[in-house]
Amino acid sequence: WASVCRADGTTLPHFAKPCPLAAICKQSIMQKNLIKFLLTDLRPRPGMYLTAYNFSYLNIFLTGVQITCGELDKTGEYSESFFGEHGFLQWSWRKYDLGHPSFRLHHYLEFANENEKEALDLFFEDLEAYHSESSR
């Protein structure tokens with residue numbers, strides 16, 4: 001038996017491997033905003049969260065964070081800096097004059113010629129630039 005994490009932090013018995021994302025969100029990720037978490041926790045230790053330094057894994061992780069933490073952060077304060085109207089995604093789309101692409105981060109893979117590591121490097125460079133600009 002394994003347990004399945006629910007958004008409220010409780011677990012249900014289940015035969016599948018447990019999903020630690022709700023617990024991660026509640027205990028570590030949501031202690032700071034998403035941008036700071038990505039730059040100070042995930043970037044130096046991607047294997048703890050992504051398994052490997054791979055842009056597609058980051059994109060999957062962010063989808064899970066958006067869904068899971070959306071349940072835990074009813075005000076939207078935590079994710080606003082990344083997913084919000086004036087957050088990183090919008091900043092990135094404006095920077096590259098992309099409008100509103102249907103696949104929110106795919107442009108990094110395109111710019112890196114589908115090289116996962118280079119795409120992740122470019123993503124973090126942009127995230128750092130956004131963080132510096134928005135901190136002023």
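These legends describe close-up views of a predicted model.

**View 1. Helix α2 is mostly covered.** The helix spans residues 34-42. Seven of its nine residues are buried. These are L34, I35, F37, L38, L39, D41 and L42. One of them, L38, is also among the residues with the most contacts inside the largest nonpolar core.

**View 2. N33 sits at the start of α2.** A side-chain oxygen of N33 reaches to within 2.9 Å of the backbone nitrogen of I35. I35 itself is buried, and I35 is touched by F88.

**View 3. Helix α8 buries one face.** Residues 116-135 form this helix of 20 residues. From first C-alpha to last, α8 reaches 28 Å, close to the 28 Å expected at 1.5 Å a residue. Its buried residues are A119, L120, F123, F124, D126, L127, Y130 and H131. Seen down the axis of α8, they fall within an arc of 165°, so they line one face of the helix.

**View 4. N115 caps the N-terminal end of α8.** Here a side-chain oxygen of N115 lies 3.1 Å from the backbone nitrogen of K117.

**View 5. The largest nonpolar core has 31 residues.** L38, F82, F88 and F123 have the most contacts inside this core. At least two core residues come from each of α2, α3 (46-50), α4 (55-72), α5 (77-83), α6 (88-95), α7 (106-111) and α8. In soluble globular proteins, nonpolar side chains tend to be buried together.

**View 6. Contacts of F88.** Leaving aside residues up to four places away in sequence, F88 touches I35, S81, F82, L105, Y108, F123, D126, L127 and Y130. Among these, F123, D126, L127 and Y130 are buried residues of α8.

Technical notes: Residues are numbered from 1 along each chain as its sequence is written. This is a predicted model: local features need pLDDT of at least 70, side-chain atom pairs count only at pLDDT 80 or more; totals for chains, interfaces and linings use all residues. Side-chain values use heavy atoms; hydrogens and water are left out. Buried means under 20% relative accessible area, exposed over 50%, partly exposed in between (1.4 Å probe, protein chains only). Helices (H or I, at least four residues) and strands (E, at least two) are DSSP runs, numbered from the N terminus. A polar contact is a pair of N or O atoms within 3.5 Å; within protein, one must be able to donate a hydrogen and the other to accept it, and residues adjacent in sequence count only if both atoms are side-chain atoms. The expected span of a helix is 1.5 Å times one less than its number of residues. The arc is that of the directions from the helix axis to the C-beta atoms. A nonpolar core is a set of buried Ala, Val, Leu, Ile, Met, Phe, Trp, Tyr and Cys residues joined through side-chain atoms within 4.5 Å. Contact means heavy atoms within 4.5 Å.
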